[in-house]
Amino acid sequence: MTLLLACVFVLLHASAIFFLPAFAMQASYVFLLAAPALACTAALRRSMRDGWRHSRGWLLAALAMALWTLGMLASLRQDLFLDNPNAAPGDSTLLFILFGVPIVLAVSASYVEGESVLLRVIDAALALALGYLFYVHTFSLLTLRGAGSLTQALLVATMFDAENLFLLVASAIRLSAADRRGERHFYRAMVLFTGLYTLITFYYNHFVALGDHPDFGSLRDPLIDIAFLAFALEAWRDHEPASTAKPPSPALVRFVRSASPLLMALALLVVAIILLRERFYLGVAGVVVAVLGYGARTTLTQVQHIKIEEGLQQKNDAFERLAHTDSLTGLPNRRALDEALERAYAEHGPGLARLTVLMIDVDFFKRLNDSYGHPAGDACLRRVSEALAGAAGRRGDVLGRYGGEEFALVMPGASLRAGLVVAERLRHAVESLAVPNTGSPHGVVTVSVGVASAVAGEKPLDALLATADSALYEAKRRGRNQVVTLD
């Protein structure tokens, strides 16, 4: 339906010119104003539909269409009210040139969530600098009334061609690396518009405006409508069809997004270099602004990426700590203990150092749970873990919860004798807590400790743990609340 309306629009434009030859210029202006206004309206509607925060591209496109509409209004004023026959009045030409600046900004700025506001300020400053240089360059070729010679008019037409071709290439580059649905839709609309606009305006400027019909009102005017109506149709579309194209590679997406800010700096740099011959100091200033602006933006982007990476690293570290920490006691968990044992064997190497392991079990813990309830059992384990941690004391040792009511202490480089001394200290620390346990013959919570020691590599790690576990069960068999070694 919308395509049919667009065709009707073009036919009405041609019919008005054909059937009202005396008012062909006035009739043509009505349609030439309406077409970009419709494109602007469609882009604004798209912005409202997608949400203002996620539709800066459509907003900038709407601004571009509004500038083009203003340019046509200025042309209307020159033709109908000032009776100016010049094909390139300064005011309308400037607005037609400036319409490309928001599009350059839209295709060069890769906005991401959480991006620094300063980056957007730099982008806006570069866009304003580009607009000002366009203003200076335009009025170095034209006066407000228009071009003084055919040569100047041809230079202006060439400037239009160069700008339009740049917009087309930049939009195509961004489309080639668009991997998100909304982004792909926007850049496809821009490629469609800039492609049609580049071809149509090249033909119109060189063969109509500078050819046989310098004034609006010819049957070739409806050609101009096509580019704006095509953009309006694309922007108005509510449902994007599923794409069958192969998605771009992640490497291409990252490269284009990282390099896209260069497009704005490049446009500014080119215009500044062109101005060097006419306004040397202004051209130099433009080059400096382009280089410094791009450099500042790149530096800020790198700082932001570093900040994001540091935040991700902190989160990874937090997750890593959680993955290695027992939630009840706050001690290292079984996974952390296994890694500590493997690390102790790997770092010292076969025959280079001794490794001592203590297996610690809370005596009669099931009876405590049955008598006092599981909350009391959890509280008991927390107190026992605090007492064990306070009594362990040696740097480099790793104390952790091995599972249930069982704990383990890994002592790299410790002799069997040192392990026995520490084990007795642990046993005494827990007994001294005097946590009541009516299910125990001792009347309080106690622990049994099994100790095993070996030279790293002398026996398999599993065998060392099995020896410590056997010593623990021997301590239990002998009556609990004691330290036993089988070595």
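Select Ala-251 first: its relative accessibility is 46%, so it counts as partly exposed, where buried means under 20% relative accessible area, exposed over 50% and partly exposed in between, with a 1.4 Å probe and protein chains only. The model is a predicted one, in which local features need pLDDT of at least 70 and side-chain atom pairs count only at pLDDT 80 or more, while totals for chains, interfaces and linings use all residues. Residues are numbered from 1 along each chain as its sequence is written, and side-chain values use heavy atoms, with hydrogens and water left out.

Ala-251 belongs to helix α10, residues 250-259; helices here are DSSP runs of H or I with at least four residues, strands are runs of E with at least two, and both are numbered from the N terminus.

Is Ala-109 buried or exposed? With a relative accessibility of 6%, Ala-109 counts as buried. Ala-109 touches Asp-123, Arg-174 and Arg-297, leaving aside residues up to four places away in sequence, where contact means heavy atoms within 4.5 Å. Ser-260 is 151 residues from Ala-109 in sequence, and their C-alpha atoms are 6.5 Å apart in space.

Now show helix α4 (residues 90-98) together with helix α6 (residues 117-141), which pack at an angle of about 145° with their axes 10 Å apart. Axes are lines fitted to C-alpha atoms, for helices over the stretch in contact, and angles run from 0 to 180 degrees between N-to-C directions. To see where they meet, select residues of α4 including Leu-94 and Ile-97, and residues of α6 including Phe-134 and Tyr-135.

For the core, select Phe-193, Phe-228 and Phe-231, which touch the most other members among the 84 residues of the largest nonpolar core. Such a core is a set of buried Ala, Val, Leu, Ile, Met, Phe, Trp, Tyr and Cys residues joined through side-chain atoms within 4.5 Å. Around Phe-228, with residues up to four places away in sequence not counted, the contacts include Met-65, Trp-68 and Tyr-197. Another core, of 29 residues, lies apart from it and has Leu-328, Ala-414, Leu-426 and Val-449 among its members.

The last stop is an open sheet of five strands, in the order β2-β3-β1-β4-β5 and with mixed pairing, where two strands pair if DSSP finds at least two bridges between them. At the edges are β2 (398-403) and β5 (483-485), each pairing on one side only, and the twist averages 25° from one strand to the next. Strands β1 (residues 354-362) and β4 (residues 447-455) are paired in the antiparallel sense over nine bridges, and Arg-354 has Val-455 in β4 as its bridge partner. Helix α15 (residues 374-392) packs on the sheet and touches β1, β2, β3 (406-412) and β4, its direction making about 15° with that of β3. Finally, follow β2 into β3, which run antiparallel and are joined by five bridges; their hairpin has two residues between the strands, and there Gly-404 takes a positive phi near 60°.
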